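Biologist: I have the model open and some time to go through it. Can you take my questions as they come?

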Amino acid sequence: MVNLHFMTNKKDLILIAGPCSAESEKQLLTTAEGLASGGGVNYFRAGIWKPRSQPGYFEGVGDEGLEWMIKLREIYGFSLITEVGNSAHADKVLKLGFDAIWIGARTSVNPFYVQEIADVLKGTDVPVFVKNPINPDLKLWLGAIERFEKVSNAEVLPIHRGFSLSGNSRFRNVPNWQIPIELHTLRPDLRLICDPSHIAGKRDYIFEVAQKAMDLNYSGLMIETHPNPDTAKSDAKQQITPEQFWDGINNLFFRKNYTPDTQTLSQLKNHRESIDVFDQQLLEVLAKRMEVSEEIGKLKNKNGISVLQPERWKSILDAAHINGEAMGLSYAFIDQLFKAVHDESIDRQTKKVKK
Ligand code: PEP
Ligand code: MN
């Protein structure tokens with residue numbers, strides 16, 4: 001047996017790789033071979049039961065895939081991880097001695113299912129990786145993590161896989177980095193993993209997202225790998241070959257993690273002071289803007305004009321995009337900022353109307 005168990009890569013990243021779904025024994029063994037030849041990963045992943053948003057798609061090979069994974073562990077020594085979506089799944093993987101489990105985004109959204117799985121895991125020492133729920137709700141994510149922390153003797157690790165939101169993002173699941181950052185602020189003890197495959201949805205963007213996660217000091221990556229990605233039975237567009245996986249991993253850039261020298265420290269301090277001044281100005285401008293919104297609300301109320309004026313709103317947003325872009329501000333940023341400002345403004349005006 002080749003023992004690659006808990007190999008440490010150059011940055012002590014927790015690496016989780018393997019196909020979206022187990023499809024055949026050969027597919028798993030070929031993937032494992034490719035991952036082993038690049039140095040090995042901490043966990044080999046494969047979905048056995050696939051939670052599909054709509055019926056009629058490949059729903060996983062089921063139990064026989066578990067045996068293929070066990071065989072792969074005997075040959076390559078990788079620890080095994082798979083998704084469990086209910087207590088029956090959890091029972092099976094525990095009995096077979098899987099090394100870890102992950103909770104999918106369509107399960108972490110449901111406290112009943114989370115608790116049902118947690119009950120099965122009570123007193124075990126199997127690490128649990130908890131994907132963020134599909135909706136951007138930090139409390140729901142943290143709640144799922146806490147349910148497992150209460151019962152398990154092992155580590156519980158959040159996986160950031162992005163959020164299903166409508167809107168024009170080039171990503172399949174918008175990352176909404178603010179949410180994992182907030183999670184980290186609340187619980188700095190949790191080792192955060194990024195799943196750039198499900199955020200990106202397209203293989204071209206995977207390592208851009210992975211790099212961002214490294215810049216934010218994430219502790220690991222889960223990346224879908226398949227020997228022949230285009231033929232994959234699920235998530236074909238976002239899977240990469242083991243060779244592409246190693247290429248990307250080896251090209252990640254890691255920031256130096258030492259205390260800066262005094263000159264850098266003083267430059268940082270100056271910049272931070274400027275930022276604080278600008279942030280204060282931003283708040284003041286926003287407060288003034290909202291006061292004007294309220295005045296408009298009063299006028300609309302008095303004259304029976306409806307609060308939402310779609311044409312006016314469209315022209316504000318269009319102008320903001322044009323002007324913002326000319327100042328080097330990204331489309332997505334302007335979009336989020338102005339939508340938030342408009343929401344608040346509508347809120348203020350409807351309150352005035354109610355009064
Ligand atoms: C997966 O990892 O293949 C998967 C189904 O992920 P998610 O729950 O993030 O959609
Ligand atoms: Mn997948």
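Biologist: By class, which residues does the lining of the largest pocket have?

Modeller: The lining has eight nonpolar, eight polar and six charged residues. Here Ala, Val, Leu, Ile, Met, Phe, Trp, Tyr, Cys and Pro count as nonpolar, Asp, Glu, Lys and Arg as charged, and the others, Gly among them, as polar. This is a predicted model, where local features need pLDDT of at least 70 and side-chain atom pairs count only at pLDDT 80 or more, while totals for chains, interfaces and linings use all residues. Residues are numbered from 1 along each chain as its sequence is written, chains are lettered from A and ligands numbered from 1 in the order in which they are written, and side-chain values use heavy atoms, with hydrogens and water left out.

Biologist: How much space lies in that largest pocket?

Modeller: About 850 Å³. A pocket is an open set of points on a 1 Å grid over the protein atoms alone, with protein on both sides within 12 Å along at least five of seven lines; a cavity is a set where a 1.4 Å probe fits but cannot get out, and lining residues have an atom within 4 Å of a point. Grid points are joined across faces, edges and corners, and a volume is the space filled by probe spheres set on the points. The lining numbers 22 residues, and Ser169, Val174, Pro175, Ala332 and Gln336 are the closest to the pocket centre.

Biologist: Which helix gives the largest share of the lining?

Modeller: H12, with five residues. Helix H6 (178–186), helix H8 (206–215) and helix H12 (331–354) each supply at least two. Helices (H or I, at least four residues) and strands (E, at least two) are DSSP runs, numbered from the N terminus.

Biologist: And which domains does the lining draw on?

Modeller: Domain 1 (10–250) and domain 2 (263–354), with at least three residues from each. The bounds come from an automatic or database domain assignment. The C-alpha centres of the two domains lie 38 Å apart.

Biologist: What about the second largest pocket, how much space lies in it?

Modeller: About 530 Å³. Of its 28 lining residues, the closest to the centre are Arg52, Arg106, Arg172, His198 and Asp235. The classes there are seven nonpolar, nine polar and twelve charged.

Biologist: Is Asp235 buried or exposed?

Modeller: Asp235 counts as buried, because its relative accessibility is 16%. Buried means under 20% relative accessible area, exposed over 50%, partly exposed in between (1.4 Å probe, protein chains only). Cys20 is buried too. Asp235 also has a positive phi of about 50° although it is not a glycine. Most residues other than glycine have a negative phi.

Biologist: Where does Asn176 lie, and what is its phi?

Modeller: Asn176 lies in the loop between strand E6 (156–160) and H6. Its phi is positive, about 45°. Asn176 is partly exposed, at 25% relative accessibility.

Biologist: Back to H8. How many of its residues are buried?

Modeller: Seven of the ten residues of H8 are buried, so this helix is largely enclosed by the rest of the structure. The buried ones are Ile206, Phe207, Val209, Ala210, Gln211, Ala213 and Met214. Their cover includes E7, helix H7 (196–200), E8 and H9. Just after H8, Asn217 takes a positive phi of about 65°.

Biologist: Last one: which residues line the largest cavity?

Modeller: His321, Glu325, Leu329, Ser330 and Tyr331. About 30 Å³ of space lies in that cavity.

How values were computed: Contact = heavy atoms within 4.5 Å.
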